[in-house]
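Student: Could you walk me through how to read a sheet, its helices and a ligand shell?

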Amino acid sequence: MKILVIGKGLAATGLVWELVTSEHRPKSSELIWVGPRLDKRDAQNCALRSTALVARQGISSGISPLGDLLVHSYELAKIFFENHTTGTKKVVREHYASSEEKREQLQRRFDCLDYPVKEEAYIIEPLTFLSQWHEEIKTKGPHIEMHDDLLGEAKEGIVQGLKGEYDYDILFDCRGSSLKDYNLIKDNFKKSPGHYLIWNHPDFDHSLKSESWVLTIDGHNLIYHHDRDELILGGSTQKDEMISPAFDQLNDQLLAFKKLRPQFSNLYLNEATIMTGIRSKAKKREPYIKEVTPGHFLVGGFYKNGYTLCFGVAKELIKQAFLNEA
Ligand SMILES: Cc1cc2nc3c(=O)[nH]c(=O)nc-3n(C[C@H](O)[C@H](O)[C@H](O)COP(=O)(O)OP(=O)(O)OC[C@H]3O[C@@H](n4cnc5c(N)ncnc54)[C@H](O)[C@@H]3O)c2cc1C
């Protein structure tokens, strides 16, 4: 059986990882993995244009299907990050609120009387982390064929690429927000651009630079990567698939952090690099998994939780696709 996976982002990498490590994978199969090589300049790779924070965020199971999936995926992600420390770092995240009302909501959500609310989180350096993950996948078996290519639409078991043609028995199409460009999705599926700011060697008090940390105000993050002396603010959430930067949102977030910590008074928007990523968002913010024709699965809609959902979705999908094969 020939399995073709398209994309080199989180959905695809999580899936390929599961395909090479899971007991549920089909035992006699050929795996072909195609997508552009990892490069931050690839606007279609949202994984590399992400603030890349992973936390449980006070979500409980037993309330909604998405909540259950997020909790399960977070547990899987945590195990993975504990065992794969290249490009990942465990940190303490401190949550603050800008008003009394929001503070009450925050404490209720986390079921916590302390303030600020503290939670365990992981911060990721996307390129280092994904590159290392891809390298490890290559070591998992001789049956993986990897190609650096950009593909067109799948038609009757064949997908045409710029460099070649790929046939398949099963296709997992994980092109992120680009799925929307291929006329395959008729349901509610949106591109959801977002922006964030990066300061290299930011100008603030050295006493705050002794370790990595995350500060969050009303859900907006300020992330400090100690090893690279890099500060990340964001991201923004655009409406109506608009790509142009939401400077007003980012400026409001920056002002809130300056108010919280006077040490950030020397941080200016115009001294930061602005990054843009394009998320994909489906109905109810749930991941989009659909078998559009027999054996052709579309996988996306990870919205703001790609670094968590890639673990849980891959497990579910492989069970769904190969339940009768194993
Ligand atoms: C500003 C911002 C902040 C974010 N912060 C976080 C965060 O803190 N935590 C978190 O978990 N998530 C965060 N996300 C979301 C996360 O990045 C996404 O959910 C995730 O990247 C989606 O994974 P994906 O694999 O579906 O898509 P992508 O990561 O976009 O991967 C798509 C892949 O498909 C490839 N591709 C596209 N077109 C083609 C084609 N024609 N042929 C072949 N390959 C193709 C691309 O090159 C890429 O490899 C953030 C996103 C943004 C924009």
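We'll take the sheet, then the helices, then the ligand.

Tutor: Keep in mind that this is a predicted model, where local features need pLDDT of at least 70, side-chain atom pairs count only at pLDDT 80 or more, and totals for chains, interfaces and linings use all residues. Residues are numbered from 1 along each chain as its sequence is written.

Student: In what order do the six strands form the open sheet?

Tutor: In general, strands of a sheet pair through backbone hydrogen bonds, parallel or antiparallel. Strands here are DSSP runs (E, at least two residues; helices are H or I, at least four), numbered from the N terminus, and two strands pair if DSSP finds at least two bridges between them. The order is β6-β2-β1-β10-β17-β16, with mixed pairing. β6 (144-147) and β16 (288-293) are the edges, each pairing on one side only.

Student: How many bridges join β16 to β17?

Tutor: Five, and the two strands run antiparallel. Lys 290 stands opposite Leu 298 in β17.

Student: Which strands does α6 lie across?

Tutor: Angles run from 0 to 180 degrees between N-to-C directions, with axes fitted to C-alpha atoms, for helices over the stretch in contact. α6 lies across β10, β16 and β17, at about 165° to β17.

Student: Which residues come nearest the ligand?

Tutor: A residue is near if its C-beta atom, placed from the backbone, lies within 6 Å. Of the 40 residues around the ligand, Gly 9, Gly 176, Gly 235, Gly 277 and Gly 306 come nearest. Among the elements supplying at least two shell residues each are α1 (10-21) and α6 (306-322).

Notes:
Two residues are in contact if their C-beta atoms, placed from the backbone, lie within 7 Å.
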